[in-house]
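Subject: Structure handover and notes

Dear colleague,

I am passing on the structure below, with my notes following it. Please read them with the model open beside you.

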Amino acid sequence: MGIGSDIGKALMTQVPSMAPGFAVSLLRSVLGFAIDGAPNLPGARRAASKTLSRKEGDVEASIRYLVGEHIALAGAQGFVSNLGGFLTMAVAVPANISGVAIVQARMVASIAHLRGYDLDDQRVRSAVMACLLARSEVDQLVKNGDLPSSPMGIATAPVVDPDLEKTVAVRILSVLVGQSAGKQIPQIIGRRIPVIGGGIGATTDGVTTWNVARYARTQFPSRRPR
């Protein structure tokens, strides 16, 4: 995630009180909204089941549809900010940060559910959130020993790692804060022309969501019976 991640690391050193307790609270709230839903956003299971029915049981066609839908949602700044509003009632984070996280987590959870994974399993939930970091970030964390494995390995581990949720949560908050901060510079430049400023934010969120989707599709191979 590049510059955004670097900015996030720097910002996290300035707000140590936010982690890890705050990060875990954010993680659980994001997963709750993503999997169980909110008043204006059905949860991942419901969205996946409805799409699967619409696509006549074709799992991969359903995944392609849901990925496209979530990329569009992530790019819709007003919608994402509104989602963030639900989350900020529980934990104080900027609306765009929490909104994009909910959209991406819902998308990844839908992919996992369609591929046959149990969303009530803590290992799967940790894997869903790890996917939000995308490949390069996860690979670096595994290389440094900060994560035990890829999301695929986490989802299928023989036991639940009690410290894994904390590790993933702190890192995700760092990356999301960095992404938000990274978008502010070009948006400030484009503020005199609102369409430009908004377009930059929408494009950034859409691209990062596409990257997350591409990674998640490799990390949740099908476990559905043939």
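This is a predicted model: local features need pLDDT of at least 70, side-chain atom pairs count only at pLDDT 80 or more; totals for chains, interfaces and linings use all residues.

Gly116 touches Arg223 and Arg224, where residues up to four places away in sequence are not counted and contact means heavy atoms within 4.5 Å. Residues are numbered from 1 along each chain as its sequence is written, and side-chain values use heavy atoms, with hydrogens and water left out.

Gly116 is found in the loop between helix 6 (95-114) and helix 7 (122-131), helices being DSSP runs of H or I with at least four residues, numbered from the N terminus. At 38% relative accessibility Gly116 counts as partly exposed, the class between buried (under 20% relative accessible area) and exposed (over 50%), computed with a 1.4 Å probe and protein chains only. The C-alpha atoms of Gly116 and Phe220 are separated by 8.7 Å, although these residues are 104 apart along the chain.

Leu147 also sits in a loop, the one between helix 8 (134-144) and helix 9 (151-155), but it is buried, because its relative accessible area is 4%. Leaving aside residues up to four places away in sequence, Leu147 touches Val138, Leu141, Val142, Leu164, Thr167 and Val168. Of these contacts, Leu164 is 17 residues from Leu147 in sequence and 7.5 Å from it in space, C-alpha to C-alpha.

Two backbone angles deserve a look. Most residues other than glycine have a negative phi. Glu56, not a glycine, has a positive phi of about 55 degrees; Glu56 lies in the loop between helix 3 and helix 4 (59-75) and counts as exposed at 77% relative accessibility. Ala134, likewise not a glycine, has a positive phi of about 70 degrees, but Ala134 lies in helix 8 and counts as buried at 10% relative accessibility.

Lys50 is found in helix 3 and is exposed, with a relative accessible area of 55%.

Best wishes

Note on methods: Helices (H or I, at least four residues) and strands (E, at least two) are DSSP runs, numbered from the N terminus.
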